[in-house]
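Q: Please take a close look at the side-chain pairing in this model, starting with the charged pairs and going on to the aromatic rings. I would like one connected account, with the cut-offs given as each term comes up.

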Amino acid sequence: MIWEIIWDQMPHLLHGLSVALQLLACLLLVGIALGLTIALIEVYGHWSLRFLCTVFERVFRGIPAVVLLLLFYYGVTDFIEMTSFMAAVTALGLRSTAYQSQIFRGAIQSVPPGQLAAAQSMGMSKAKAVREIVLPQALRHAIGPWTNEYSSELKATSLAYVIGVVELTRQGKYIISSTQGNVLIVFGVVALMYFVVNRAGNWGLYRFERAVTVPGFERRAS
Amino acid sequence: MSALLSVQEIRKAYREEEVLKGVSLELDKGTTKVVMGPSGTGKSTLLRCINYLTPPDAGRVWLDGEELTRRNLNRLREDIAFVFQDFNLFTHLRAIDNVRLGPRKIRGHSKKRADEIARRELERVGMSDKAQSYPAELSGGQQQRVSIARALAMEPKVILFDEPTSALDPELTGEVVAVMKLLASEGMTMLLVSHEVSFARSAADEIVFMEGGHIVEQGRPSELFANPQNPRTRRFLQMITDHHDPDTPDRLAGAAR
């Protein structure tokens with residue numbers, strides 16, 4: 001009986017999963033683009049820009065995700081037209097930016113500064129030396145910690161529930177409401193779906209890290 | 001001024017401490033100079049000030065008649081290669097790619113030409129068979145030879161060596177010294193900070209002795225080693241020749257025999 005319901009409702013759950021993954025992809029992309037920019041500023045930038053970036057990063061790491069979602073959805077939409085999905089991308093994306101900036105900052109700083117000096121001593125501009133020498137190494141260093149961020153943010157997409165994004169968790173809740181009960185089994189299936197996507201992503205990123213590693217870079221224990 | 005590299009009145013202070021108190025020196029094309037002296041006397045700082053890796057507080061540098069400025073810095077740096085004490089090879093690149101990077105990405109040679117240069121220079125330092133190795137797979141001596149090849153691949157007018165063998169154990173020092181001797185004999189213009197007495201004796205045209213941020217004495221190695229004028233130079237040379245020079249019998253070893 002209940003398995004029939006799950007089977008019937010599977011298209012809804014898969015649609016919810018697809019919304020969750022779209023949200024995840026968008027917020028991670030926002031986080032990579034802005035996070036890397038902030039990291040570069042924090043390491044190489046002028047002190048005034050560095051200060052602004054640090055303030056941003058502290059603020060977004062210091063406020064709970066749910067509160068950020070509520071702030072952006074109910075607060076900011078008063079001034080700017082935004083769907084709940086867009087509000088979720090913005091709130092979670094900026095929060096991820098703050099976390100990712102620290103991943104990238106650490107990765108950039110783990111590249112021995114002597115290599116930057118060596119590139120500059122050959123007549124490379126600093127910007128080019130960062131692009132050619134520092135970033136290829138820093139991004140390799142970043143894959144491990146970034147995998148963790150992927151897991152965290154995948155799970156954080158379920159928080160978009162609170163501002164009405166119809167993602168996987170909310171689809172589960174709808175099924176429970178419309179079929180009077182079965183909380184354990186429906187949320188169990190939802191949990192399994194998150195878990196599978198989580199593991200698959202981790203496995204893929206681990207494979208990727210191994211594929212791009214070269215001798216001299218520490219590998220994570222498998 | 002006919003010198004290839006000319007350094008005038010370089011001064012550098014870290015906080016209150018003045019490390020270089022107005023150092024001048026000239027290097028003619030095809031000659032090798034070795035800067036020696038006790039640690040903490042500003043030898044490495046002098047070298048780093050020449051290509052502005054450490055910007056000097058005052059003083060001027062000319063390369064081939066052109067004065068180094070903020071504007072032409074990157075262009076002139078292409079002609080002033082620098083070899084570091086701790087190699088600073090690019091970890092993510094194979095030996096051949098470390099050497100190829102300069103000709104390709106800085107000099108702007110074609111892929112084929114950059115490749116030819118890289119292979120030629122690896123050959124010159126005897127590292128052809130390790131072309132495909134990553135720096136982490138090489139010994140210290142091998143890494144330093146690759147880093148010398150990387151410097152040579154820029155086809156520079158002068159190479160600055162900052163204690164190129166100080167991070168190596170004696171066994172590996174030999175192979176790097178051999179490469180530097182080869183370059184000196186081929187007429188490369190080189191300025192070294194080094195304590196390698198055997199190299200300084202046989203390959204240097206002139207020794208510069210520094211102490212306390214000044215040049216206190218300079219001259220041909222035969223004269224300077226045999227008959228140093230300055231008492232501080234004499235003490236220092238006595239100390240390093242006693243302890244480091246394989247040509248001179250070690251007094252302690254002699255006593256134990």
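A: Side-chain pairing in a predicted model

Chain A has a mean pLDDT of 93, and 98% of its residues reach 70 or more, pLDDT being the predictor's confidence in each residue on a scale from 0 to 100. Where pLDDT is low, the predicted coordinates should not be read in detail. Because this is a predicted model, local features need pLDDT of at least 70 and side-chain atom pairs count only at pLDDT 80 or more, whereas totals for chains, interfaces and linings use all residues. Side-chain values rest on heavy atoms, with hydrogens and water left out, while residues are numbered from 1 along each chain as its sequence is written, and chains are lettered from A and ligands numbered from 1 in the order in which they are written.

Over all chains there are 25 salt bridges, the term meaning a side-chain nitrogen of Lys or Arg within 4 Å of a carboxyl oxygen of Asp or Glu. One of them joins Asp79(B) to Arg107(B), with the closest N and O atoms 2.9 Å apart. This pair links distant parts of the chain, 28 residues apart: Asp79(B) is in the loop between helix H2 (73–77) and strand S6 (80–83) of chain B, and Arg107(B) is in the loop between helix H3 (95–106) and helix H4 (111–124) of chain B. Helices (H or I, at least four residues) and strands (E, at least two) are DSSP runs here, numbered from the N terminus. Asp79(B) is buried, because its relative accessible area is 12%, whereas Arg107(B), at 26%, is partly exposed; buried means under 20% relative accessible area, exposed over 50%, and partly exposed in between (1.4 Å probe, protein chains only). These two residues also belong to a network of salt bridges that links Asp64(B), Glu78(B), Asp79(B), Arg107(B) and Lys157(B).

Glu121(B) forms a salt bridge with Arg120(B), the closest N and O atoms being 2.8 Å apart; Glu121(B) is buried, with a relative accessible area of 1%, whereas Arg120(B) counts as partly exposed at 36%. Arg60(B) and Glu67(B) also meet through their side chains in a salt bridge (2.9 Å, N to O), and here Arg60(B) is partly exposed at 42%, as is Glu67(B) at 24%.

Arg150(B) lies over the face of Phe90(B), at 4.6 Å from the ring centre, and Arg201(B) lies over the face of Phe225(B), at 4.8 Å; a charge sits over a ring if NZ of Lys or CZ of Arg is within 6 Å of the ring centre and within 35 degrees of the ring normal.

Among the rings themselves, the count comes to 5 aromatic pairs over all chains, where rings of Phe, Tyr and Trp (its six-membered ring) pair if their centres lie within 6.5 Å, and planes under 30 degrees apart count as stacked, over 60 as edge-to-face and the rest as tilted. Phe60(A) and Phe72(A) are a tilted pair, because their ring centres are 6.4 Å apart and their planes stand at 45°. This pair links distant parts of the chain, with Phe60(A) in helix H2 (residues 47–61) and Phe72(A) in helix H3 (residues 65–75) of chain A, 12 residues apart.
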